[in-house]
Amino acid sequence: MAVLAALGEVVLQRAGDLGALLLSARRALAAGGRLHIDAVETLRQTHRLFFDAVPLVLVAGVAVGGVVAMQGLMYVARYSASEVFGWAAALSAYRDVGPLLLGCGLAARIGARVTAELAVMAARERLDAVRALGLDPEPTVVWPRLVATVACSTLFWAPACTLVLGVAFVVASLIGDQRIATSVWSVVSYVDAGTLVNGLLRMVLFGLIVGLSSCHAAVSVEASEDRSAGAIGRAVYAGSVLSLAGVVVANAVVSLLGGTG
Amino acid sequence: MTAPIATLGAAAHAALLPWRLPLDALWRRLDEVVPRSVPLVVVTVAAVGCALADQAARQALRLLGDTSFIGPEYIVLGVEEFGPLVVALTLSQRVGAGFAAEVATLQSDDTLDAMALFGERPALSVLAPMGVALVLGAIALGLIGFVAWELAGMATLLLRSGVSPFTFFHPEAIRGDGVVMLVVKCAAAGAIVFASATSAGLSARGGAVAVGRAATRAVVGGVVGCLLCSAALDMVWFVARSP
(Lines give C-alpha, C1' and ligand atoms only; values in the text may rest on other atoms or scores of the structure.)
Protein backbone atom coordinates (compact mmCIF):
# COMPACT_ATOMS: atom_id res chain seq x y z
CA MET A 1 0.00 0.00 0.00
CA ALA A 2 2.87 2.36 0.82
CA VAL A 3 4.29 1.87 -2.66
CA LEU A 4 0.89 2.52 -4.29
CA ALA A 5 0.34 5.61 -2.15
CA ALA A 6 3.81 6.87 -3.04
CA LEU A 7 3.15 6.14 -6.71
CA GLY A 8 -0.15 8.05 -6.63
CA GLU A 9 1.52 10.95 -4.83
CA VAL A 10 4.30 11.07 -7.41
CA VAL A 11 1.83 10.92 -10.33
CA LEU A 12 -0.20 13.80 -8.88
CA GLN A 13 2.90 15.83 -8.14
CA ARG A 14 4.36 15.24 -11.58
CA ALA A 15 1.06 16.06 -13.28
CA GLY A 16 0.98 19.38 -11.39
CA ASP A 17 4.65 20.01 -12.21
CA LEU A 18 4.09 19.18 -15.87
CA GLY A 19 1.21 21.66 -16.09
CA ALA A 20 3.28 24.39 -14.44
CA LEU A 21 6.24 23.56 -16.67
CA LEU A 22 4.15 23.81 -19.83
CA LEU A 23 2.82 27.19 -18.70
CA SER A 24 6.38 28.36 -17.98
CA ALA A 25 7.53 27.07 -21.37
CA ARG A 26 4.71 28.92 -23.11
CA ARG A 27 5.59 32.17 -21.35
CA ALA A 28 9.31 31.71 -22.04
CA LEU A 29 8.71 30.97 -25.74
CA ALA A 30 6.40 33.97 -26.02
CA ALA A 31 9.02 36.18 -24.33
CA GLY A 32 11.72 34.76 -26.64
CA GLY A 33 9.56 35.35 -29.70
CA ARG A 34 9.12 39.01 -28.75
CA LEU A 35 12.89 39.25 -27.96
CA HIS A 36 11.75 40.16 -24.47
CA ILE A 37 14.71 38.45 -22.73
CA ASP A 38 17.72 40.37 -21.42
CA ALA A 39 20.37 39.50 -24.04
CA VAL A 40 23.41 40.71 -22.07
CA GLU A 41 22.35 38.77 -18.97
CA THR A 42 21.73 35.69 -21.14
CA LEU A 43 25.26 35.89 -22.57
CA ARG A 44 26.73 36.45 -19.12
CA GLN A 45 24.90 33.43 -17.70
CA THR A 46 25.84 31.26 -20.69
CA HIS A 47 29.52 32.14 -20.25
CA ARG A 48 29.39 31.53 -16.50
CA LEU A 49 27.44 28.27 -16.60
CA PHE A 50 29.43 26.90 -19.56
CA PHE A 51 32.86 27.37 -18.00
CA ASP A 52 31.55 26.28 -14.62
CA ALA A 53 30.43 22.94 -16.12
CA VAL A 54 33.61 22.24 -18.15
CA PRO A 55 35.37 20.17 -15.43
CA LEU A 56 32.25 18.05 -14.88
CA VAL A 57 31.79 17.49 -18.62
CA LEU A 58 35.45 16.45 -18.99
CA VAL A 59 35.25 13.94 -16.13
CA ALA A 60 31.79 12.70 -17.14
CA GLY A 61 32.95 12.42 -20.78
CA VAL A 62 35.85 10.17 -19.74
CA ALA A 63 33.56 8.02 -17.58
CA VAL A 64 30.84 7.74 -20.25
CA GLY A 65 33.55 6.92 -22.83
CA GLY A 66 34.63 4.06 -20.60
CA VAL A 67 31.04 2.82 -20.31
CA VAL A 68 30.53 3.03 -24.10
CA ALA A 69 33.81 1.21 -24.76
CA MET A 70 33.06 -1.63 -22.38
CA GLN A 71 29.54 -2.00 -23.71
CA GLY A 72 30.86 -2.29 -27.29
CA LEU A 73 33.83 -4.50 -26.43
CA MET A 74 31.59 -7.17 -24.93
CA TYR A 75 29.83 -7.55 -28.29
CA VAL A 76 33.08 -7.36 -30.26
CA ALA A 77 34.45 -10.20 -28.15
CA ARG A 78 31.25 -12.26 -28.43
CA TYR A 79 30.52 -11.82 -32.15
CA SER A 80 34.03 -11.04 -33.49
CA ALA A 81 32.58 -7.82 -34.93
CA SER A 82 35.51 -5.41 -34.66
CA GLU A 83 34.51 -3.77 -37.97
CA VAL A 84 31.32 -2.30 -36.51
CA PHE A 85 32.71 -1.30 -33.11
CA GLY A 86 33.38 2.29 -34.23
CA TRP A 87 29.90 2.68 -35.69
CA ALA A 88 28.21 1.26 -32.57
CA ALA A 89 30.37 3.43 -30.29
CA ALA A 90 29.56 6.55 -32.37
CA LEU A 91 25.86 5.74 -32.25
CA SER A 92 26.08 5.41 -28.46
CA ALA A 93 28.32 8.45 -28.02
CA TYR A 94 26.55 10.94 -30.29
CA ARG A 95 22.94 9.81 -30.13
CA ASP A 96 21.90 7.34 -27.41
CA VAL A 97 24.00 6.86 -24.29
CA GLY A 98 26.22 9.95 -24.63
CA PRO A 99 23.49 12.63 -24.71
CA LEU A 100 21.45 10.77 -22.08
CA LEU A 101 24.24 10.50 -19.51
CA LEU A 102 25.61 13.96 -20.33
CA GLY A 103 22.08 15.31 -19.93
CA CYS A 104 21.96 13.73 -16.46
CA GLY A 105 25.36 15.28 -15.68
CA LEU A 106 24.25 18.72 -16.85
CA ALA A 107 21.04 18.36 -14.84
CA ALA A 108 23.26 17.80 -11.80
CA ARG A 109 25.73 20.63 -12.46
CA ILE A 110 23.89 23.40 -14.31
CA GLY A 111 20.35 22.50 -13.25
CA ALA A 112 21.11 22.22 -9.53
CA ARG A 113 23.17 25.43 -9.60
CA VAL A 114 20.46 27.42 -11.37
CA THR A 115 17.84 26.07 -8.95
CA ALA A 116 19.94 26.90 -5.89
CA GLU A 117 20.69 30.45 -7.11
CA LEU A 118 17.14 31.30 -8.06
CA ALA A 119 15.69 29.66 -4.93
CA VAL A 120 18.01 31.73 -2.71
CA MET A 121 16.97 34.87 -4.62
CA ALA A 122 13.31 33.94 -4.15
CA ALA A 123 13.73 33.12 -0.44
CA ARG A 124 15.63 36.34 0.28
CA GLU A 125 13.03 38.42 -1.57
CA ARG A 126 15.52 39.58 -4.19
CA LEU A 127 12.99 38.82 -6.90
CA ASP A 128 10.61 41.16 -5.05
CA ALA A 129 13.39 43.74 -5.01
CA VAL A 130 13.70 43.43 -8.80
CA ARG A 131 9.94 44.02 -9.05
CA ALA A 132 10.25 47.03 -6.74
CA LEU A 133 12.69 48.50 -9.26
CA GLY A 134 9.95 48.27 -11.89
CA LEU A 135 11.48 45.26 -13.68
CA ASP A 136 9.90 41.89 -14.41
CA PRO A 137 12.13 39.16 -12.87
CA GLU A 138 11.18 36.59 -15.52
CA PRO A 139 12.81 38.22 -18.58
CA THR A 140 15.63 39.78 -16.56
CA VAL A 141 16.58 37.00 -14.10
CA VAL A 142 14.77 33.70 -14.79
CA TRP A 143 14.56 33.29 -18.58
CA PRO A 144 18.22 34.26 -19.22
CA ARG A 145 19.21 31.27 -17.07
CA LEU A 146 16.81 29.04 -18.97
CA VAL A 147 18.20 30.13 -22.35
CA ALA A 148 21.75 29.82 -21.00
CA THR A 149 21.05 26.22 -19.91
CA VAL A 150 19.79 25.34 -23.41
CA ALA A 151 22.77 27.12 -25.00
CA CYS A 152 25.29 25.31 -22.77
CA SER A 153 23.67 21.96 -23.47
CA THR A 154 23.82 22.62 -27.22
CA LEU A 155 27.40 23.92 -27.12
CA PHE A 156 28.59 20.93 -25.09
CA TRP A 157 27.16 18.30 -27.43
CA ALA A 158 29.89 18.17 -30.10
CA PRO A 159 33.00 18.44 -27.87
CA ALA A 160 31.60 16.23 -25.11
CA CYS A 161 30.37 13.48 -27.42
CA THR A 162 33.62 13.57 -29.42
CA LEU A 163 35.49 13.21 -26.12
CA VAL A 164 33.25 10.24 -25.23
CA LEU A 165 34.02 8.62 -28.60
CA GLY A 166 37.75 9.34 -28.35
CA VAL A 167 37.97 7.85 -24.86
CA ALA A 168 35.94 4.82 -26.02
CA PHE A 169 38.40 4.21 -28.89
CA VAL A 170 41.45 4.57 -26.63
CA VAL A 171 40.00 2.31 -23.92
CA ALA A 172 38.98 -0.29 -26.54
CA SER A 173 42.45 -0.25 -28.04
CA LEU A 174 44.16 -0.58 -24.65
CA ILE A 175 41.90 -3.22 -23.10
CA GLY A 176 40.31 -5.01 -26.05
CA ASP A 177 43.01 -4.82 -28.79
CA GLN A 178 40.55 -2.91 -30.99
CA ARG A 179 42.62 -0.92 -33.52
CA ILE A 180 41.85 2.83 -33.48
CA ALA A 181 42.24 3.04 -37.28
CA THR A 182 39.56 0.34 -37.75
CA SER A 183 37.23 2.18 -35.35
CA VAL A 184 37.71 5.50 -37.17
CA TRP A 185 37.15 3.81 -40.54
CA SER A 186 33.94 2.28 -39.20
CA VAL A 187 32.66 5.71 -38.10
CA VAL A 188 33.50 7.35 -41.44
CA SER A 189 31.91 4.49 -43.40
CA TYR A 190 28.70 3.90 -41.47
CA VAL A 191 27.68 6.96 -39.43
CA ASP A 192 25.26 9.24 -41.26
CA ALA A 193 24.29 12.88 -40.70
CA GLY A 194 20.85 11.85 -39.36
CA THR A 195 22.49 10.25 -36.32
CA LEU A 196 24.35 13.46 -35.51
CA VAL A 197 21.29 15.69 -36.02
CA ASN A 198 19.22 13.35 -33.83
CA GLY A 199 21.81 13.54 -31.03
CA LEU A 200 22.09 17.33 -31.24
CA LEU A 201 18.32 17.75 -31.10
CA ARG A 202 18.21 15.50 -28.05
CA MET A 203 20.75 17.66 -26.24
CA VAL A 204 18.78 20.83 -27.10
CA LEU A 205 15.63 19.17 -25.74
CA PHE A 206 17.42 17.95 -22.59
CA GLY A 207 18.76 21.47 -22.00
CA LEU A 208 15.25 22.88 -22.31
CA ILE A 209 13.87 20.30 -19.87
CA VAL A 210 16.67 20.86 -17.33
CA GLY A 211 16.30 24.65 -17.61
CA LEU A 212 12.53 24.61 -17.24
CA SER A 213 12.60 22.11 -14.35
CA SER A 214 15.27 24.08 -12.49
CA CYS A 215 13.58 27.47 -12.93
CA HIS A 216 10.18 26.03 -12.01
CA ALA A 217 11.48 24.32 -8.83
CA ALA A 218 13.29 27.47 -7.75
CA VAL A 219 10.49 29.93 -8.41
CA SER A 220 8.02 27.72 -6.49
CA VAL A 221 9.96 28.69 -3.30
CA GLU A 222 8.50 32.18 -3.78
CA ALA A 223 4.96 30.79 -3.77
CA SER A 224 5.45 28.78 -0.56
CA GLU A 225 5.47 30.25 2.94
CA ASP A 226 8.54 28.28 3.99
CA ARG A 227 11.65 30.19 2.91
CA SER A 228 14.12 28.52 5.27
CA ALA A 229 17.40 26.83 4.38
CA GLY A 230 15.51 23.54 4.26
CA ALA A 231 13.19 24.95 1.59
CA ILE A 232 16.22 25.81 -0.59
CA GLY A 233 17.51 22.26 -0.22
CA ARG A 234 14.08 20.86 -1.09
CA ALA A 235 13.93 23.08 -4.19
CA VAL A 236 17.31 21.77 -5.40
CA TYR A 237 16.11 18.24 -4.73
CA ALA A 238 12.81 18.80 -6.58
CA GLY A 239 14.60 20.42 -9.53
CA SER A 240 17.09 17.53 -9.77
CA VAL A 241 14.38 14.87 -9.66
CA LEU A 242 12.20 16.68 -12.19
CA SER A 243 15.17 17.21 -14.53
CA LEU A 244 16.25 13.57 -14.36
CA ALA A 245 12.74 12.20 -14.91
CA GLY A 246 12.15 14.69 -17.74
CA VAL A 247 15.42 13.84 -19.49
CA VAL A 248 14.95 10.05 -19.41
CA VAL A 249 11.29 10.20 -20.44
CA ALA A 250 12.06 12.67 -23.27
CA ASN A 251 14.89 10.39 -24.39
CA ALA A 252 12.49 7.44 -24.57
CA VAL A 253 9.88 9.45 -26.48
CA VAL A 254 12.46 10.74 -28.99
CA SER A 255 13.84 7.23 -29.46
CA LEU A 256 10.37 5.76 -30.05
CA LEU A 257 9.40 8.55 -32.45
CA GLY A 258 12.76 8.87 -34.17
CA GLY A 259 14.12 6.76 -36.97
CA THR A 260 17.17 4.53 -36.99
CA GLY A 261 19.38 7.39 -38.19
CA MET B 1 31.05 23.31 13.81
CA THR B 2 31.28 19.53 13.58
CA ALA B 3 34.51 18.47 11.85
CA PRO B 4 33.44 16.99 8.47
CA ILE B 5 36.18 14.37 7.97
CA ALA B 6 36.10 13.07 11.56
CA THR B 7 32.29 12.89 11.53
CA LEU B 8 32.19 11.20 8.12
CA GLY B 9 34.80 8.69 9.32
CA ALA B 10 32.82 7.99 12.50
CA ALA B 11 29.63 7.56 10.46
CA ALA B 12 31.33 5.18 8.02
CA HIS B 13 32.73 3.17 10.92
CA ALA B 14 29.31 3.00 12.60
CA ALA B 15 27.69 1.99 9.29
CA LEU B 16 30.02 -1.03 9.10
CA LEU B 17 28.35 -2.32 12.29
CA PRO B 18 24.67 -1.90 11.36
CA TRP B 19 23.35 -4.05 14.23
CA ARG B 20 24.52 -1.33 16.65
CA LEU B 21 22.46 1.38 14.95
CA PRO B 22 19.11 2.59 16.33
CA LEU B 23 16.56 0.41 14.57
CA ASP B 24 13.84 3.05 14.24
CA ALA B 25 16.26 5.49 12.55
CA LEU B 26 17.39 2.76 10.16
CA TRP B 27 13.82 1.82 9.21
CA ARG B 28 12.92 5.47 8.67
CA ARG B 29 15.89 5.95 6.34
CA LEU B 30 15.15 2.70 4.50
CA ASP B 31 11.59 3.93 4.00
CA GLU B 32 12.94 7.20 2.57
CA VAL B 33 15.36 5.44 0.24
CA VAL B 34 13.39 2.43 -1.06
CA PRO B 35 9.57 2.88 -1.22
CA ARG B 36 9.77 6.60 -1.96
CA SER B 37 12.34 6.05 -4.73
CA VAL B 38 10.54 3.12 -6.36
CA PRO B 39 8.28 5.21 -8.65
CA LEU B 40 11.16 7.33 -9.94
CA VAL B 41 13.48 4.33 -10.34
CA VAL B 42 10.81 2.35 -12.20
CA VAL B 43 10.03 5.27 -14.52
CA THR B 44 13.67 6.11 -15.30
CA VAL B 45 14.86 2.53 -15.75
CA ALA B 46 11.82 1.63 -17.86
CA ALA B 47 12.22 4.76 -20.01
CA VAL B 48 15.88 4.00 -20.71
CA GLY B 49 14.98 0.34 -21.36
CA CYS B 50 12.22 1.29 -23.82
CA ALA B 51 14.58 3.56 -25.75
CA LEU B 52 17.40 1.03 -25.98
CA ALA B 53 15.19 -1.96 -26.76
CA ASP B 54 13.39 -0.11 -29.55
CA GLN B 55 16.59 1.21 -31.11
CA ALA B 56 18.27 -2.21 -30.84
CA ALA B 57 15.29 -3.88 -32.52
CA ARG B 58 15.18 -1.34 -35.34
CA GLN B 59 18.92 -1.52 -35.99
CA ALA B 60 18.80 -5.34 -35.89
CA LEU B 61 15.90 -5.43 -38.36
CA ARG B 62 17.57 -2.89 -40.64
CA LEU B 63 21.00 -4.54 -40.71
CA LEU B 64 20.32 -8.24 -40.10
CA GLY B 65 16.57 -8.70 -40.56
CA ASP B 66 16.43 -10.62 -37.28
CA THR B 67 15.56 -9.62 -33.71
CA SER B 68 15.92 -13.02 -32.03
CA PHE B 69 19.30 -12.25 -30.44
CA ILE B 70 18.13 -9.03 -28.77
CA GLY B 71 16.38 -10.68 -25.80
CA PRO B 72 19.48 -12.40 -24.35
CA GLU B 73 21.68 -9.33 -24.92
CA TYR B 74 19.10 -6.92 -23.51
CA ILE B 75 18.63 -8.84 -20.27
CA VAL B 76 22.40 -9.01 -19.70
CA LEU B 77 22.71 -5.25 -20.38
CA GLY B 78 20.02 -4.62 -17.77
CA VAL B 79 21.71 -6.73 -15.10
CA GLU B 80 25.32 -5.70 -15.66
CA GLU B 81 25.23 -2.22 -17.11
CA PHE B 82 22.22 0.06 -17.44
CA GLY B 83 20.05 -1.22 -14.58
CA PRO B 84 22.65 -0.41 -11.88
CA LEU B 85 23.82 2.76 -13.65
CA VAL B 86 20.37 4.32 -13.96
CA VAL B 87 19.51 3.34 -10.38
CA ALA B 88 22.77 5.00 -9.25
CA LEU B 89 22.01 8.23 -11.13
CA THR B 90 18.47 8.28 -9.78
CA LEU B 91 19.69 7.79 -6.20
CA SER B 92 22.25 10.59 -6.64
CA GLN B 93 19.62 13.03 -7.82
CA ARG B 94 16.79 12.01 -5.51
CA VAL B 95 18.24 10.75 -2.26
CA GLY B 96 21.70 12.38 -2.46
CA ALA B 97 20.30 15.90 -2.81
CA GLY B 98 17.73 15.31 -0.05
CA PHE B 99 20.22 13.86 2.45
CA ALA B 100 22.80 16.56 1.70
CA ALA B 101 20.22 19.32 2.23
CA GLU B 102 19.14 17.74 5.52
CA VAL B 103 22.70 17.32 6.85
CA ALA B 104 23.65 20.83 5.63
CA THR B 105 20.64 22.30 7.45
CA LEU B 106 21.59 20.44 10.66
CA GLN B 107 25.21 21.55 10.28
CA SER B 108 24.53 25.18 9.40
CA ASP B 109 22.14 25.76 12.30
CA ASP B 110 24.50 23.92 14.71
CA THR B 111 22.01 21.15 15.52
CA LEU B 112 24.74 18.49 15.18
CA ASP B 113 26.86 20.32 17.78
CA ALA B 114 23.84 20.64 20.07
CA MET B 115 23.20 16.90 19.78
CA ALA B 116 26.82 16.17 20.72
CA LEU B 117 26.53 18.57 23.65
CA PHE B 118 23.58 16.58 25.01
CA GLY B 119 25.52 13.34 24.77
CA GLU B 120 24.04 12.04 21.53
CA ARG B 121 26.29 10.80 18.74
CA PRO B 122 25.00 12.27 15.47
CA ALA B 123 27.38 10.07 13.45
CA LEU B 124 25.65 7.02 14.92
CA SER B 125 22.05 8.22 15.18
CA VAL B 126 21.74 10.43 12.07
CA LEU B 127 24.47 9.76 9.51
CA ALA B 128 25.24 6.03 9.76
CA PRO B 129 21.57 4.98 9.22
CA MET B 130 21.65 7.06 6.02
CA GLY B 131 24.72 5.13 4.82
CA VAL B 132 23.34 1.67 5.62
CA ALA B 133 19.95 2.55 4.11
CA LEU B 134 21.62 3.87 0.95
CA VAL B 135 23.73 0.73 0.42
CA LEU B 136 20.92 -1.74 1.20
CA GLY B 137 18.35 0.41 -0.59
CA ALA B 138 20.51 0.69 -3.70
CA ILE B 139 20.74 -3.11 -3.93
CA ALA B 140 16.97 -3.49 -3.46
CA LEU B 141 16.29 -0.77 -6.03
CA GLY B 142 18.77 -2.40 -8.42
CA LEU B 143 16.74 -5.63 -8.32
CA ILE B 144 13.44 -3.74 -8.69
CA GLY B 145 14.96 -1.68 -11.50
CA PHE B 146 16.03 -4.84 -13.30
CA VAL B 147 12.44 -6.15 -13.27
CA ALA B 148 11.21 -2.79 -14.64
CA TRP B 149 13.94 -2.91 -17.30
CA GLU B 150 12.94 -6.37 -18.52
CA LEU B 151 9.21 -5.62 -18.48
CA ALA B 152 9.80 -2.37 -20.39
CA GLY B 153 11.84 -4.22 -23.01
CA MET B 154 9.19 -6.93 -23.39
CA ALA B 155 6.38 -4.39 -23.76
CA THR B 156 8.34 -2.28 -26.25
CA LEU B 157 9.32 -5.20 -28.46
CA LEU B 158 5.79 -6.62 -28.34
CA LEU B 159 4.07 -3.35 -29.21
CA ARG B 160 6.63 -1.96 -31.67
CA SER B 161 8.05 -5.04 -33.39
CA GLY B 162 5.53 -7.78 -32.58
CA VAL B 163 8.12 -9.91 -30.73
CA SER B 164 6.45 -12.28 -28.26
CA PRO B 165 7.52 -11.78 -24.60
CA PHE B 166 8.19 -15.53 -24.42
CA THR B 167 10.67 -15.23 -27.29
CA PHE B 168 12.21 -12.10 -25.81
CA PHE B 169 12.62 -13.32 -22.22
CA HIS B 170 15.89 -15.25 -21.76
CA PRO B 171 16.66 -15.58 -18.04
CA GLU B 172 19.25 -18.27 -18.82
CA ALA B 173 21.44 -15.54 -20.37
CA ILE B 174 22.07 -14.08 -16.91
CA ARG B 175 25.25 -15.44 -15.40
CA GLY B 176 25.90 -15.72 -11.68
CA ASP B 177 28.77 -13.26 -11.91
CA GLY B 178 26.43 -10.83 -13.69
CA VAL B 179 24.15 -10.80 -10.65
CA VAL B 180 27.20 -10.29 -8.43
CA MET B 181 28.14 -7.35 -10.70
CA LEU B 182 24.66 -5.83 -10.20
CA VAL B 183 24.90 -6.14 -6.42
CA VAL B 184 28.48 -4.79 -6.31
CA LYS B 185 27.66 -1.83 -8.59
CA CYS B 186 24.53 -0.91 -6.65
CA ALA B 187 26.26 -1.21 -3.25
CA ALA B 188 29.16 0.91 -4.51
CA ALA B 189 26.73 3.50 -5.86
CA GLY B 190 24.93 3.65 -2.51
CA ALA B 191 28.26 4.18 -0.70
CA ILE B 192 29.33 6.88 -3.19
CA VAL B 193 26.04 8.76 -2.89
CA PHE B 194 26.29 8.56 0.91
CA ALA B 195 29.89 9.83 0.97
CA SER B 196 29.09 12.62 -1.48
CA ALA B 197 25.92 13.75 0.30
CA THR B 198 27.38 13.60 3.81
CA SER B 199 30.67 15.31 2.97
CA ALA B 200 28.82 18.07 1.09
CA GLY B 201 26.33 18.51 3.94
CA LEU B 202 28.96 18.52 6.69
CA SER B 203 31.04 21.11 4.82
CA ALA B 204 28.13 23.57 4.70
CA ARG B 205 28.88 26.90 6.37
CA GLY B 206 26.29 29.65 6.65
CA GLY B 207 22.58 29.66 5.92
CA ALA B 208 20.36 29.10 2.92
CA VAL B 209 23.11 29.68 0.33
CA ALA B 210 25.28 26.99 1.92
CA VAL B 211 22.41 24.48 1.95
CA GLY B 212 21.71 25.07 -1.76
CA ARG B 213 25.41 24.76 -2.56
CA ALA B 214 25.72 21.55 -0.50
CA ALA B 215 22.80 19.91 -2.30
CA THR B 216 24.33 20.89 -5.66
CA ARG B 217 27.75 19.54 -4.68
CA ALA B 218 26.20 16.30 -3.46
CA VAL B 219 24.34 15.72 -6.73
CA VAL B 220 27.40 16.53 -8.87
CA GLY B 221 29.71 14.40 -6.75
CA GLY B 222 27.26 11.51 -6.73
CA VAL B 223 26.64 11.54 -10.48
CA VAL B 224 30.33 11.81 -11.42
CA GLY B 225 31.37 9.27 -8.79
CA CYS B 226 28.77 6.75 -9.95
CA LEU B 227 29.73 7.18 -13.64
CA LEU B 228 33.44 6.73 -12.89
CA CYS B 229 32.77 3.77 -10.60
CA SER B 230 30.60 2.07 -13.23
CA ALA B 231 33.24 2.50 -15.94
CA ALA B 232 36.04 1.30 -13.63
CA LEU B 233 34.08 -1.78 -12.50
CA ASP B 234 33.25 -2.60 -16.13
CA MET B 235 36.92 -2.51 -17.06
CA VAL B 236 37.95 -4.68 -14.12
CA TRP B 237 35.14 -7.13 -14.95
CA PHE B 238 36.06 -7.26 -18.64
CA VAL B 239 39.73 -7.93 -17.92
CA ALA B 240 38.85 -10.52 -15.25
CA ARG B 241 36.51 -12.35 -17.64
CA SER B 242 38.89 -12.30 -20.61
CA PRO B 243 40.48 -15.67 -21.29
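Me: Before we start, what should I know about numbering and confidence?
Reply: Residues count from 1 along each chain as its sequence is written, and chains are lettered from A, with ligands numbered from 1, in the order in which they are written. The model is predicted, so to speak of local features takes pLDDT of at least 70, and side-chain atom pairs count only at pLDDT 80 or more, while totals for chains, interfaces and linings use all residues.

Me: Fine. How many helices and strands does chain A have?
Reply: Elements here are DSSP runs, numbered from the N terminus: helices are H or I with at least four residues, strands are E with at least two. Chain A has 9 helices and 0 strands, and chain B also comes out at 9 helices and 0 strands. Along its principal axes, the C-alpha trace of chain A spans about 65 × 50 × 30 Å; for chain B the figures are about 70 × 35 × 30 Å.

Me: What share of each chain is buried?
Reply: Burial is a neighbour count: a residue is buried if 20 or more other C-beta atoms lie within 10 Å of its own, exposed if 12 or fewer, and partly exposed in between, with C-beta atoms placed from the backbone. On that scale 53% of the 261 residues in chain A are buried, and 57% of the 243 residues of chain B.

Me: And which residues touch the most other members of the largest nonpolar core?
Reply: The general idea is that in soluble globular proteins, nonpolar side chains tend to be buried together. A nonpolar core is a set of buried Ala, Val, Leu, Ile, Met, Phe, Trp, Tyr and Cys residues joined through C-beta atoms within 7 Å. The largest one here has 177 residues, and A:Ala119, A:Ala168, B:Ala100, B:Ala189 and B:Ala215 touch the most other members. Helix H6 (residues 137-176) of chain A gives the largest share of this core, 21 residues.

Me: What is B:Ala189 in contact with?
Reply: Contact means C-beta atoms, placed from the backbone, within 7 Å. Leaving aside neighbours within four places in sequence, the partners of B:Ala189 are B:Pro84, B:Val87, B:Ala88, B:Leu91, B:Ala138, B:Cys226 and B:Cys229.

Me: How do I read a helix pair, say H3(A) and H6(A)?
Reply: Axes are lines fitted to C-alpha atoms, for helices over the stretch in contact, and angles run from 0 to 180 degrees between N-to-C directions. Helix H3 (residues 85-94) of chain A packs on H6(A) at about 145°, with axes 9 Å apart. The residues that meet include A:Phe85 and A:Tyr94 from H3(A), and A:Cys161 and A:Ala168 from H6(A). For classes, Ala, Val, Leu, Ile, Met, Phe, Trp, Tyr, Cys and Pro count as nonpolar, Asp, Glu, Lys and Arg as charged, and the others, Gly among them, as polar. This contact has 10 nonpolar, no polar and no charged residues.

Me: At what angle do H2 and H6 of chain B cross?
Reply: Helix H2 (residues 23-33) and helix H6 (residues 122-161) of chain B come within 8 Å at their axes and cross at roughly 45°. That makes H2(B) oblique to H6(B), since angles under 35 degrees count as roughly parallel, over 145 as roughly antiparallel, 65 to 115 as roughly perpendicular and the rest as oblique. By class, the contact has 10 nonpolar, 2 polar and 1 charged residues.

Me: How many residues of each chain are in contact with the other?
Reply: On the chain B side 48 residues are in contact with 46 of chain A. H9(B) gives the largest share of the chain B side, 19 residues. That side divides into 28 nonpolar, 12 polar and 8 charged residues.

Me: Which loop holds A:Arg227?
Reply: A:Arg227 is in the loop between helix H8 (193-223) and helix H9 (229-257) of chain A. A:Arg227 is partly exposed, with 17 other C-beta atoms within 10 Å. The C-alpha atoms of A:Arg227 and A:Ala123 are separated by 4.9 Å, though these residues are 104 residues apart along the chain.

Me: Last one: what is the phi of A:Asp177 and of B:Asp110?
Reply: Most residues other than glycine have a negative phi. A:Asp177 has a positive phi of about 55°, and B:Asp110 one of about 65°. A:Asp177 lies in the loop between H6 and helix H7 (180-190) of chain A, and B:Asp110 in the loop between H4 and helix H5 (111-117) of chain B. A:Asp177 is exposed, with 12 other C-beta atoms within 10 Å, and B:Asp110 counts as exposed with 12 C-beta neighbours inside 10 Å.

Terms used. Contact = placed C-beta atoms within 7 Å.
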